[in-house]
Amino acid sequence: MKAIDPEIARQLAAELPHDVFVGVVRTFEADLARLVQQMVDALKAGDMDLYRRNAHSLAGAAGSIGARRLEALARQAMSPDVVAATDTVLELANEAKAALAELMSLSSADPPKV
């Protein structure tokens with residue numbers, strides 16, 4: 001795993017019932033899509049405050065699920081550099097896809113034996 005911290009992923013998968021873990025992944029997927037889209041929309045509208053607020057929310061969501069690189073990129077997106085924002089949102093979208101793919105593979109695996 002590269003997009004998700006394996007330690008956190010293992011802990012989540014081991015401590016949560018499988019159906020709850022799947023629910024967490026699905027919620028993260030929905031939040032991820034919504035937040036990235038809102039960042040893109042805010043960027044197009046020139047609303048950097050909204051862009052940064054969504055980046056902050058994305059950083060929190062990514063951190064809680066162990067997507068460390070995505071979290072770091074979201075924190076980078078909170079900087080006031082408007083020029084870098086366009087590049088950052090593209091990186092965020094790519095990293096979000098990678099994190100989600102890893103989480104989906106974990107959630108589709110058999111539940112851990114207790």
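Predicted model: local features only at pLDDT ≥ 70, side-chain atom pairs only at ≥ 80, totals over all residues.

User: Where does Thr 88 sit, and what is it in contact with beyond its neighbours within four places in sequence?

Analyst: Thr 88 belongs to helix 5. Leaving those neighbours aside, Thr 88 contacts Tyr 51, Leu 73, Gln 76 and Ala 77.

User: Why are helix 3 and helix 4 called roughly antiparallel?

Analyst: Their axes cross at roughly 160°. Angles over 145 degrees count as roughly antiparallel, so that label applies to helix 3 and helix 4. The axes also come within 8 Å, and the crossing is left-handed.

User: Which residues make that contact?

Analyst: Helix 3 brings residues including Tyr 51, Ala 55 and Leu 58, while helix 4 brings, among others, Leu 70, Glu 71 and Ala 77. Across the contact of helix 3 with helix 4 there are eight nonpolar, one polar and four charged residues.

User: Which members of the largest nonpolar core touch the most other members?

Analyst: This core has 35 residues, and the ones touching the most other members are Phe 28, Met 39, Tyr 51, Leu 58, Leu 70 and Leu 92. Helix 2 gives the largest share, nine residues. As for Met 39, its contacts beyond four places in sequence include Tyr 51, Leu 58 and Leu 92.

How values were computed
Residues numbered from 1 in each chain as written. Heavy atoms only, no water. Core = buried A, V, L, I, M, F, W, Y, C linked by side-chain atoms within 4.5 Å. Buried < 20%, exposed > 50% of the residue type's maximum accessible area, 1.4 Å probe, protein only. Helix = DSSP H or I, 4+ residues; strand = E, 2+ residues; numbered from the N terminus. Contact = heavy atoms within 4.5 Å. Axes fitted to C-alpha atoms, helices over the stretch in contact; angles between N-to-C directions. Parallel < 35°, antiparallel > 145°, perpendicular 65-115°, else oblique. Left-handed = near helix turned anticlockwise from the far one by under 90°. Nonpolar A, V, L, I, M, F, W, Y, C, P; charged D, E, K, R; others polar.
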